[in-house]
Amino acid sequence: TALKNYLVKPCAGGIRAGDTATVQITMLPRTSAPDASQVDRFLVQATPSKSAESLAKEEWATKDKKDVHEARLTVGFRDVTDQEKKEAEEAQRQRTVPTPLAETSLSDLKSKYQEMTSYIASLERQKKDIEDDMQKLAEQGRNSTGKASGFSLVQVILAFLLGAIASYLAIASGVSVAAAST
């Protein structure tokens, strides 16, 4: 078969015993109608396997010919009826991408993609800058001995005690402390 004339989905696969599978064969657009002498064929091969996975080329090569079952399918060309055309068009509509995306041109998609990638790069740069700032702040928050900067608990208690003693001495000596009002 001329591979460039058809699209086969899936082109390979595994099927468990007793199961069925659907294979879609689509004839690709041609520049001219096929002539009657042209014969396209498909070869379908099957062999027992322990797994439902598709076999690699190397595995197929090791299979004994008597274990490989073959079926040849010949392509027949015919005119399509109006009903078949309608059914095919309806099936195509159901598979078609939603209208807003379908109307988007390739250049629009490319520009949107570039816009998104530059936006993502910008966000990544901002994230890195924020992480760097956080690291700097964490380093500034510690002095050279590795302790947190600011007043220690002893310094705070001493300041409180000095304030309390000064206030007691002021009251005891008769000095009046009054808040100024405006």
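Q: What makes the meeting of the Arg 72 and Glu 70 side chains a salt bridge?
A: The two side chains meet at 3.6 Å, N to O. A salt bridge is a side-chain nitrogen of Lys or Arg within 4 Å of a carboxyl oxygen of Asp or Glu. The 3.6 Å of Arg 72 and Glu 70 meets that limit, so the name applies.

Q: What kind of model is this?
A: It is a predicted model: local features need pLDDT of at least 70, side-chain atom pairs count only at pLDDT 80 or more, and totals for chains, interfaces and linings use all residues. Residues are numbered from 1 along each chain as its sequence is written, and side-chain values use heavy atoms, without hydrogens and water.

Q: Why is Arg 72 called exposed?
A: Its relative accessibility is 59%. Exposed means over 50% relative accessible area, buried under 20%, and partly exposed in between (1.4 Å probe, protein chains only).

Q: Is Glu 70 buried, partly exposed or exposed, and what value decides?
A: Glu 70 has 46%, so it is partly exposed.

Q: How many salt bridges does a search of the whole structure find?
A: It finds two. One joins Arg 72 and Glu 70. Asp 132 and Lys 128 also meet in a salt bridge, at 3.5 Å, N to O.

Q: Why are Asp 132 and Lys 128 separated by about one helical turn?
A: Because they sit four residues apart in helix H4 (residues 106–140). Asp 132, at 31%, is partly exposed. Lys 128, at 46%, is partly exposed too.

Q: How many helices and strands are in the protein chain?
A: Five helices and four strands. Helices (H or I, at least four residues) and strands (E, at least two) are DSSP runs, numbered from the N terminus. The order from the N terminus is β-β-β-α-β-α-α-α-α. Of the chain's 182 residues, 4% count as buried.

Q: Which peptide bond is cis, and what is its omega?
A: The bond from Lys 9 to Pro 10 is cis, with omega near -15°. Most peptide bonds are trans. Pro 10 lies in the loop between strand E1 (6–9) and strand E2 (24–27).

Q: How much space lies in the largest pocket?
A: About 1,100 Å³. Of its 36 lining residues, Cys 11, Ala 12, Gly 13, Val 44 and Gln 45 are the closest to its centre. E1 and strand E3 (41–46) each supply at least two lining residues. E3 gives the largest share, five residues.

Q: Into what classes do the residues lining the largest pocket divide?
A: They divide into 22 nonpolar, 10 polar and four charged. Ala, Val, Leu, Ile, Met, Phe, Trp, Tyr, Cys and Pro count as nonpolar, Asp, Glu, Lys and Arg as charged, and the others, Gly among them, as polar.

Q: What is the volume of the second largest pocket?
A: About 550 Å³. Tyr 6, Ile 25, Thr 26, Met 27 and Gly 76 are the closest to its centre among 14 lining residues. E2 and helix H2 (82–95) each give two or more. The largest share, four residues, comes from E2. By class, the lining has seven nonpolar, four polar and three charged residues.

Q: Where does Leu 169 lie?
A: Leu 169 lies in helix H5 (residues 153–172). At 52% relative accessible area, Leu 169 is exposed.

Note on methods. 1 Å grid on protein atoms, 1.4 Å probe; cavity = no way out; pocket = protein on both sides within 12 Å on 5 of 7 lines; lining within 4 Å. Points joined across faces, edges and corners; volume = space filled by probe spheres on them.
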